[in-house]
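Keep the viewer open while you read.

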Amino acid sequence: MALVLSVLCVVAYYLFLSMKVRENPTYSIHGVNALSRRLWVEHVMRSNSAKDIMAVQTLRNFIMAPSLMASTAALLIIGTLTLSGQAENISHSWHVLSTGGSHATEMWILKVMLLLVDFIVAFFAFAMSVRLANHVLFMVNVPEHGTHHALSPRAVAHRLNRAGNMFAIGMRAFFFAIPLVFWLFGPYFLLISSIGLVLALYRLDRSECQEICESGSESAVPSQNAPVVSMHAKYAK
């Protein structure tokens, strides 16, 4: 029941987020990042080789992040496999703080297996992000004029956005590992951590411009008692 409620909580959040993004594509920080990557690729490919070095440096810095995270995911996979071999020893001791839930070894193996699948998804997403970014590394330096349609700025930007989306999926898999780890200690910890994760994602997924617009909506409305100074009176002083 705790697992079902946690999944429903996450699904409800993503339905809410998709509805907001459908109304405003830049509501999410992912939409803003996709827009900036597309504009960046178009600017680089239309600058007549003036931005080649900058483009290579930027993409190299981008590739470093998913490479590091893929290595981290591989280490976590090895650690999870090691943890699965100690099910009989720690399945009861890790449920000391829990007042409910099953202490059976089979249930422990199921929890560890879901955690392992989560880390494998993260590793695959980060590896795909590196692969796609390596493709863009060559494509972005191709001049725009006289090229194949598959090497147009629009197509290159689409591939770079796919690399960014894969990186976001890998990071999201790391975030989902938090409630799965807490599930090892008991079902109530799973439910509490899932609710906390959804609240954190609500803050992280919203773009900064959306928060600025909402916070400045009231201050943007002028007060009725605000003094109005004409240009003539201003310069008369």
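This is a predicted model: local features need pLDDT of at least 70, side-chain atom pairs count only at pLDDT 80 or more; totals for chains, interfaces and linings use all residues.

## The overall layout

Residues are numbered from 1 along each chain as its sequence is written, and side-chain values use heavy atoms, with hydrogens and water left out.

## Inside and outside

How much of the chain is buried? Buried residues make up 32% of the 237 residues. Here "buried" means under 20% relative accessible area, "exposed" means over 50%, and "partly exposed" is in between (1.4 Å probe, protein chains only). The accessible surface of the chain comes to about 14,500 Å², and 68% of that belongs to carbon and sulfur atoms. Those areas come from the Shrake-Rupley method with a 1.4 Å probe; for residues, only the protein chains shown count as cover.

Now for who touches whom. A contact means heavy atoms within 4.5 Å. Among the contacts in the chain with a separation of 6 or more, 77% are between residues 24 or more positions apart.

Find helix α7, residues 187-205. This helix has 19 residues and reaches 26 Å from its first C-alpha to its last, close to the 27 Å expected at 1.5 Å a residue. (The expected span is 1.5 Å times one less than the number of residues.)

Which residues of α7 are buried? They are Pro187, Leu190, Ser193, Ser194, Leu197, Val198, Leu201 and Asp205. Looking down the axis of α7, these buried residues fall within an arc of 150 degrees, so they line one face of the helix. (The arc is that of the directions from the helix axis to the C-beta atoms.) There's a handy rule behind patterns like this: an α-helix has 3.6 residues a turn, so residues three or four places apart point the same way. What covers the buried residues of α7 includes α1 (2-23), α2 (29-45) and α6 (153-183). On the other side of α7, Ile192, Leu199 and Arg203 are exposed.

Ser194 sits in helix α7 and is buried, with a relative accessible area of 4%. Its side chain makes a polar contact with the side chain of Ser6 at 3.2 Å. A polar contact is a pair of N or O atoms within 3.5 Å; within protein, one must be able to donate a hydrogen and the other to accept it, and residues adjacent in sequence count only if both atoms are side-chain atoms. Leaving aside neighbours within four places in sequence, Ser194 is in contact with Ser6 and Pro179.

Asp205 also lies in α7, and at 2% relative accessibility Asp205 counts as buried. Its side chain has a polar contact of 2.9 Å with the side chain of Arg172 and one of 3.5 Å with the side chain of His30. Setting aside neighbours within four places in sequence, Asp205 has contacts that include Tyr13, Leu17 and Tyr27.

## The nonpolar cores

A nonpolar core is a set of buried Ala, Val, Leu, Ile, Met, Phe, Trp, Tyr and Cys residues joined through side-chain atoms within 4.5 Å. The largest one has 20 residues, and those with the most contacts inside it are Trp108, Leu115, Phe119, Ala122, Phe126, Phe174 and Leu184. The elements giving two or more residues to this core are α3 (52-84), α5 (105-139) and α6. Of these, α5 gives the most, with seven residues.

A second, separate core of twelve residues includes Trp40, Val41, Val44 and Met45. Trp40 is found in helix α2 and counts as buried at 19% relative accessibility.

Notes:
Helices (H or I, at least four residues) and strands (E, at least two) are DSSP runs, numbered from the N terminus.
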